[in-house]
Amino acid sequence: MADANSAYRLKDIEMLKKLDNLDLIMIEQPLEPGDLIDHAVLQAQLKTSICLDESIVSLDDAEKTSTYRI
């Protein structure tokens, strides 16, 4: 597992895709905490799961991420 602590932006997607080769269990919080839609967009491009933990504070937040999955 890797905890990214919001260190990346969606523009870093090509570099984040390289993490798939490490067979991680998950990447925790790669983007800004409130950036739920971009996390969903990123997840659709990765095989490694993204963990949002404290970023999901409501049912509405969870629904936003699932709505934007490809």
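Tutor: Happy to! Please keep in mind that this is a predicted model.

Student: Let's begin with the sheet. What is the order of the strands in the sheet, and what is the pairing?

Tutor: Three strands make an open sheet, ordered β1-β2-β3, and their pairing is parallel.

Student: Why do β1 and β3 count as standing at the edges?

Tutor: Each of them has a single partner strand, so one side of β1 and one side of β3 have no neighbour in the sheet.

Student: How do you know that β2 and β3 pair?

Tutor: Pairing needs at least two bridges between the strands. β2 and β3 have three bridges, in the parallel sense, so they pass. For an example, Met26 has Ser49 in β3 as its bridge partner.

Student: What makes Ile50 a buried residue?

Tutor: Ile50 sits in strand β3. Its relative accessible area is 16%, and buried means under 20%, so Ile50 is buried. Setting aside neighbours within four places in sequence, Ile50 is in contact with Ile27, Pro30, His39, Leu42 and Gln43.

Student: And what about Thr48, buried or exposed?

Tutor: Thr48 belongs to the loop between α2 and β3. At 3% relative accessibility, Thr48 falls under the 20% limit and therefore counts as buried.

Student: What makes the meeting of Thr48 and Asp20 a polar contact?

Tutor: The side chains of Thr48 and Asp20 make this contact at 2.6 Å.

Student: Now the charges. How many salt bridges are there?

Tutor: The count comes to three.

Student: Why is the pair Glu32 and Arg9 called a salt bridge?

Tutor: The side chains of Glu32 and Arg9 meet at 2.7 Å, N to O, and the rule asks for within 4 Å, so the name applies. This pair links distant parts of the chain: Glu32 is in the loop between β2 and α2, Arg9 is in the loop between β1 and α1, and they are 23 residues apart.

Student: Why are Glu32 and Arg9 called partly exposed?

Tutor: Buried is under 20% and exposed is over 50%, with partly exposed in between. Glu32 has 35% relative accessibility, so it is partly exposed. Arg9, at 36%, is therefore partly exposed as well.

Student: What makes Lys17 and Glu14 a salt bridge?

Tutor: Their side chains meet at 3.4 Å, N to O, which is within 4 Å, so they qualify. Lys17 and Glu14 both lie in helix α1, three residues apart, about one turn of the helix. In an α-helix there are 3.6 residues a turn, so residues three or four places apart point the same way. Glu14, at 52%, is over the 50% limit and so counts as exposed, while Lys17, at 28%, is partly exposed.

Student: How do you know that Lys47 and Asp23 form a salt bridge?

Tutor: The N to O distance between their side chains is 3.7 Å, again within 4 Å, so this is a salt bridge. Lys47 lies in the loop between α2 and β3, and Asp23 in the loop between α1 and β2, 24 residues apart. For Asp23 the relative accessible area is 60%, over the 50% limit, so Asp23 is exposed.

Student: Why does Glu28 have no salt bridge?

Tutor: Glu28 is in strand β2 and is buried. The nearest side chain of opposite charge, Arg9, is 15 Å away, and a salt bridge needs within 4 Å, so Glu28 has none.

Student: How do you know that the buried residues of α2 lie on the same side?

Tutor: The buried residues of α2 are Leu36, His39, Ala40, Leu42 and Gln43. They cover an arc of only 165 degrees around the axis, which puts them on the same side of α2.

Notes
Residues are numbered from 1 along each chain as its sequence is written. This is a predicted model: local features need pLDDT of at least 70, side-chain atom pairs count only at pLDDT 80 or more; totals for chains, interfaces and linings use all residues. Side-chain values use heavy atoms; hydrogens and water are left out. Helices (H or I, at least four residues) and strands (E, at least two) are DSSP runs, numbered from the N terminus. Buried means under 20% relative accessible area, exposed over 50%, partly exposed in between (1.4 Å probe, protein chains only). Lys and Arg count as positive and Asp and Glu as negative; His and the chain ends are not counted. A polar contact is a pair of N or O atoms within 3.5 Å; within protein, one must be able to donate a hydrogen and the other to accept it, and residues adjacent in sequence count only if both atoms are side-chain atoms. Contact means heavy atoms within 4.5 Å. The arc is that of the directions from the helix axis to the C-beta atoms.
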